[in-house]
Amino acid sequence: MKRLVIALLLLSLFVTSGLAAAQDPKEGGTLRAAWQAPWESLDPHFASTEASFQVLNNVLETLTFFDDEMNLIPWLAETWSRSDDGLTWTFVLQDGVTFSNGRALTAADVVWSFSRLVDPETGSGNAWRIGGAGTVIEAVDDLTVTITTESPIANLPASLAANKSVAVLAKESLEDDGTIQVPIGTGPFVISEVEGTTRLVLTARDDYWQAGVPYLDEVVITPITDDAARDLALQGGEVDWIFTISPQNLETLQNDDGVVVALAPRLSYDYFGLNLTKAPFDDVRVRQAIAYAIDREVICQFAFFGLCEATQGPTGSGTPWYFPYAPYDRDLDKARALLDEAGYGDGFEMEIMTAIGFDETLRGAQVVEQQLDEVGIDVTIDNIEFGEWLDREAAGEFDAFMLSWLGLTDVEDYFYLQHRTGNTFNFTGFSNERFDELVDQGRTIDDFDERYAVYEEANQILVDEAPYIYMYVKAEVKAYAPYVKGFATRSDSAVNFWTVWLDQ
Amino acid sequence: MNTRFIIQRLVFSLLVVLGVTVVVFMIIQLVPGDPARVSLGQQATEENLRARRERLGLNRPLYEQYVSWVTNAAQGDLGKSLITNQPIGPQIADRLPTTLQLAGLALLIGMLIAFPLGIISALRPGTIIDTVATFVSQLGVAVPDFWMSILLVLLFSTTLDWLPPSGYTPITENFRDWLEHMILPAMTAGFISASIQTRFIRSAMLETLRQNYVTTARAKGLRERVVVLRHSLRNALITIVTILGLQMTALLSAVVVIEIVFVLPGLGSLTLDAVDARDYPLVQGTVLVMAILVTTINLGVDIIYFLIDPRIAHMEQ
Amino acid sequence: MNNILSMREQDGPAPGLLAEALHRFVRHRLGMLGALIIGGLIVVAIFGPSLAPHEPDHMNFMSPFADPSREFLLGTDDFGRDILSRIMYGARVSLKVGFISVGIAATIGTTLGMIAGYTRKRFIDEAIMRSMDVLLAFPTILLAIAIIAILGKGVTNAMIAIGIVYTPIFARIARGEVLRIKNEDFVQAARALGSTDAAILVRHILPNILPPIIVETSLSLSFAILAEAALSFFGLGTQAPDPSWGLMLSESRKFFNNSIWMGIFPGVAIMLTVMGFNFLGDGLRDALDPRMKNVR
């Protein structure tokens with residue numbers, strides 16, 4: 001009996017570990033956090049990497065916000081509403097929020113931030129989140145702002161919480177040359193020191209609008225790019241918190257009393273895209289053959305050490321938008337038959353393009369190479385610099401590219417962006433009339449069940465047509481010292497430090 | 001005479017440094033494509049690019065760019081990092097001590113091993129200790145520095161759990177922590193340095209021992225130990241100073257590698273990060289400072305060399 | 001050097017001298033050991049595919065991180081690939097990079113050095129040799145990294161970088177040798193007979209300065225192989241999935257908790273290769289050029 005009570009107690013502790021249960025948070029202290037990569041630009045409209053966005057996460061804020069359970073909640077905006085034609089959204093800001101430079105937040109700041117985001121001159125890869133260049137952002141009064149898009153965006157409030165590219169920042173962030181080096185936001189921390197890409201200090205604001213937080217005085221961020229070194233730095237007590245672990249060390253770290261490992265299913269997926277504009281990938285049978293030829297469980301096991309969920313479509317079981325359609329259990333006979341039908345019975349040669357620095361991708365590609373070899377497809381892996389990778393992806397100079405999509409919150413992030421005809425990130429050349437119709441329609445619907453039905457059909461078309469071959473969805477993993485309390489490991493990978501405190 | 005030699009060496013070093021600046025300056029010029037575009041990414045607009053080119057000074061004639069770059073560099077202004085927009089000079093100044101401390105510590109460890117080993121094996125050529133010394137030094141030259149790091153981490157961190165495998169505490173913050181983090185990297189560099197030093201010291205000692213005045217001194221009836229210490233060693237000093245000079249260059253190369261492996265915040269790891277981030281001005285800065293460091297050390301060695309024995313300096317000229 | 005010998009050297013070392021050198025080399029125990037190691041390595045590099053017990057890329061999903069056994073003599077890596085087979089294939093990468101990069105260095109370096117040594121125009125000599133001094137002012141690995149920063153990552157650029165880094169050594173040696181023999185009778189004779197400078201350099205001088213160049217080539221190969229391993233270790237050189245020893249060691253660091261063998265055997269391969277080239281170089285030096293002292 002006593003044992004059971006303890007077990008239940010442990011379980012409840014585990015479940016609520018993110019909430020730090022009964023203990024009162026302690027004020028003060030410095031958290032030493034190790035990033036997985038150096039941040040690049042700190043300009044939210046230029047930043048494109050996790051490393052940059054997760055720094056900005058603690059400095060900039062958005063109108064809406066996803067809580068730790070992925071529910072959309074008000075943040076800088078108190079309320080919002082949509083016009084009858086579905087084109088105009090009105091957001092009412094909460095009063096009394098100030099930027100870290102002391103100035104009060106007004107609707108004009110929202111207008112400036114969003115206008116810079118959608119300005120084609122800025123060239124942000126995130127402009128689509130609020131519609132694009134045709135979007136008009138206007139201040140109605142000091143605290144009311146309207147966003148009018150050219151076509152209805154059903155999920156605009158969710159889109160505004162997706163990442164910090166849609167955050168509100170102060171115009172004073174701008175340097176003389178039009179760049180932003182250190183953005184000024186309304187968030188709980190300010191970037192107080194930047195030493196190249198080797199050390200960055202976040203200092204807590206004492207005039208932050210949420211009462212009581214942040215608890216920490218400072219967060220010192222250093223990138224440790226080497227997985228093993230990062231794990232060891234945590235184990236050795238050189239840092240208190242690490243961005244991610246090396247998956248192969250999971251067991252070791254879990255057995256270490258000095259380390260807490262926290263997991264959550266991620267909103268991302270790993271895949272490889274095929275070039276539908278060239279043979280043999282223009283033939284759907286060839287694409288399906290590839291989908292049948294790979295064993296996703298093995299790929300997950302060896303690419304990411306099993307810290308993942310094998311999937312045949314884009315969404316994993318961690319999102320409400322999971323679709324259980326899974327036609328591609330490994331079937332080598334079927335794959336061979338399809339290849340035969342398509343006239344490639346003797347197989348063919350193809351190149352998979354991976355980018356230097358994306359380790360699990362390269363590992364996955366090597367497993368795929370071996371598995372496709374079994375149906376006569378001779379894969380060569382071309383592991384190149386990410387810059388070159390992006391150039392070649394954009395220019396369509398590839399057979400297949402392998403990478404992952406991260407930070408996907410709303411269902412349309414999984415479908416619209418990459419696969420609608422003519423979209424910026426549609427690099428495969430996929431075009432399907434019915435699919436386009438569905439994803440366009442999906443953008444105008446509010447009701448969850450209605451939307452789900454629409455995207456379920458879109459999902460089926462996409463999986464059947466197989467422009468992307470889906471492999472797995474990763475688990476989000478964070479690790480920290482036991483005295484680090486109040487950190488929530490989130491499915492959307494967001495790193496929020498303002499609820500963190502140190503029990504020491 | 002004395003001053004003439006020193007001035008000659010100074011002028012020579014200055015010329016080398018001037019050449020170094022040309023090479024380093026060319027780094028950004030030789031990047032295939034437009035460095036502004038490379039650094040801004042594919043989504044950069046024409047306006048962004050123009051602003052960036054201006055910031056990098058790429059819109060001016062090559063000659064002008066070089067002159068202004070060198071002039072600024074001479075005043076310690078190495079420009080700003082493309083990624084973070086922070087001035088580069090202070091960043092390097094921040095990292096330099098770690099690199100120098102590691103090199104210094106490694107040299108010390110190297111000498112502590114190499115001197116006894118080199119001298120003993122020269123005094124007793126053909127004995128077991130000589131064979132061992134030769135073998136060890138052959139091994140040390142052939143073992144890659146990064147592999148040696150791995151082996152030491154496997155032994156002292158993973159297996160014995162005595163020392164941290166990576167990380168860094170500044171010496172000013174906590175000496176003990178600093179030493180704990182430095183000792184494995186320094187040992188790695190030290191062993192490799194010792195293997196090279198041992199060979200030099202051994203042959204330098206042998207050479208000196210063969211020379212006449214040692215025989216003379218011995219004939220005078222001095223005890224053997226005194227002979228060794230007073231005469232041989234002093235004469236071998238010349239060679240040793242040269243070795244140390246040569247060593248420092250090779251050592252700095254090893255230190256660059258070892259810093260990266262042990263994630264120490266030195267110039268080597270800064271350079272690799274800068275390369276990864278395509279932060280060309282930062283690459284230029286670190287490479288320039290390292291090259292100037294090497295040149296300065298070489299100059300110092302030449303001068304010390306000359307002060308010990310002016311004849312040799314003449315021969316070299 | 002006496003005149004008779006020099007005259008005989010006109011068209012390269014005479015057969016008698018070569019035989020003598022060979023005789024000296026065979027008696028050089030370490031040199032022979034080096035030759036043996038390198039010979040074995042070349043055999044492995046050429047016949048690797050038929051010698052290797054397994055396909056180097058074949059993954060045994062059931063047995064990753066296997067300890068050495070009869071099936072896998074050196075164990076398996078994180079994908080269950082045979083480490084021995086991967087090391088054997090890695091020999092090919094290492095030797096290829098070594099030979100090409102040292103080939104670049106030796107060709108450019110020797111050419112520049114010969115021109116500098118032979119020219120009567122002081123400023124050409126100065127220009128070449130001071131440029132070489134400038135290159136020598138950079139710590140070697142840092143110069144290689146900087147060159148890769150310009151050219152981009154990858155094995156081809158790594159070869160170019162290593163080639164550039166080792167060029168000055170060849171230039172210095174070649175120049176020194178040319179200075180030593182350019183006033184010898186046989187050179188003067190060729191000049192008197194109206195040979196062009198190019199012809200003299202190629203036909204008369206080059207064969208006579210080859211011994212130290214060959215020795216340096218062997219020694220540089222050991223450095224080049226170390227450099228390739230280091231660059232690949234940092235992700236700047238050979239890229240996965242190609243098996244490269246440096247890359248294998250770099251990978252091994254992620255799996256210290258799973259297997260130590262991945263971190264040991266590729267290092268042994270590098271060490272043996274480097275020792276092989278060093279021994280070979282020492283042996284060649286003693287055989288070809290007894291004048292040279294062990295100054296490296």
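1. Let's start with two helices in chain C. The axes of helix α8 (residues 185-192) and helix α9 (residues 197-233) of chain C come within 11 Å and cross at roughly 170°. That crossing makes α8(C) roughly antiparallel to α9(C), a label used for angles over 145 degrees. Axes here are lines fitted to C-alpha atoms, for helices over the stretch in contact, and angles run from 0 to 180 degrees between N-to-C directions. On the α8(C) side the contact is made by F186(C), V187(C), A190(C) and R191(C), and on the α9(C) side by I200(C), H204(C), I205(C) and N208(C). Contact means heavy atoms within 4.5 Å.

2. A word on the ground rules. This is a predicted model, in which local features need pLDDT of at least 70, side-chain atom pairs count only at pLDDT 80 or more, and totals for chains, interfaces and linings use all residues. Residues are numbered from 1 along each chain as its sequence is written, chains are lettered from A and ligands numbered from 1 in the order in which they are written, and side-chain values use heavy atoms, with hydrogens and water left out.

3. Staying with chain C, look for the nonpolar surface patch of about 540 Å² made by I42(C), V43(C), I46(C), F47(C), L51(C) and F99(C). Helix α3 (residues 29-51) of chain C gives the largest share, 5 residues. I42(C) sits in helix α3 of chain C and counts as partly exposed, at 32% relative accessibility. (Buried means under 20% relative accessible area, exposed over 50%, and partly exposed in between, with a 1.4 Å probe and protein chains only.) Patch residues have over 30% relative accessible area and no salt bridge, and nonpolar side chains are joined within 5 Å.

4. Chain B has 13 helices and 0 strands. Helices (H or I, at least four residues) and strands (E, at least two) are DSSP runs, numbered from the N terminus. Of the 317 residues of chain B, 52% count as buried. Among its contacts between residues at least 6 apart in sequence, 74% join residues at least 24 apart.

5. Now for charges. Side chains of opposite charge can pair when their charged atoms come close. A salt bridge is a side-chain nitrogen of Lys or Arg within 4 Å of a carboxyl oxygen of Asp or Glu, and the whole structure holds 42 of them over all chains. In chain C, a network of salt bridges links R122(C), E126(C), R130(C), D133(C) and R172(C).

6. In chain A, D399(A) and K278(A) meet in a salt bridge (2.8 Å, N to O). The two are 121 residues apart, with D399(A) in the loop between α11 and β17 and K278(A) in the loop between β13 and α7. D399(A) counts as buried at 14% relative accessibility, whereas K278(A) counts as partly exposed at 34%.

7. One more pair to find: E412(A) forms a salt bridge with R443(A), the closest N and O atoms being 2.9 Å apart. E412(A) lies in helix α12 and R443(A) in the loop between α13 and α14 of chain A, so the pair ties together parts that are 31 residues apart in sequence. E412(A) counts as buried at 2% relative accessibility, and R443(A) counts as buried at 7%.

Notes
Patches are made of residues with over 30% relative accessible area and no salt bridge: like charges are joined within 9 Å, nonpolar side chains (Val, Leu, Ile, Met, Phe, Trp, Tyr) within 5 Å. Accessible areas come from the Shrake-Rupley method with a 1.4 Å probe; for residues, only the protein chains shown count as cover. Angles under 35 degrees count as roughly parallel, over 145 as roughly antiparallel, 65 to 115 as roughly perpendicular and the rest as oblique.
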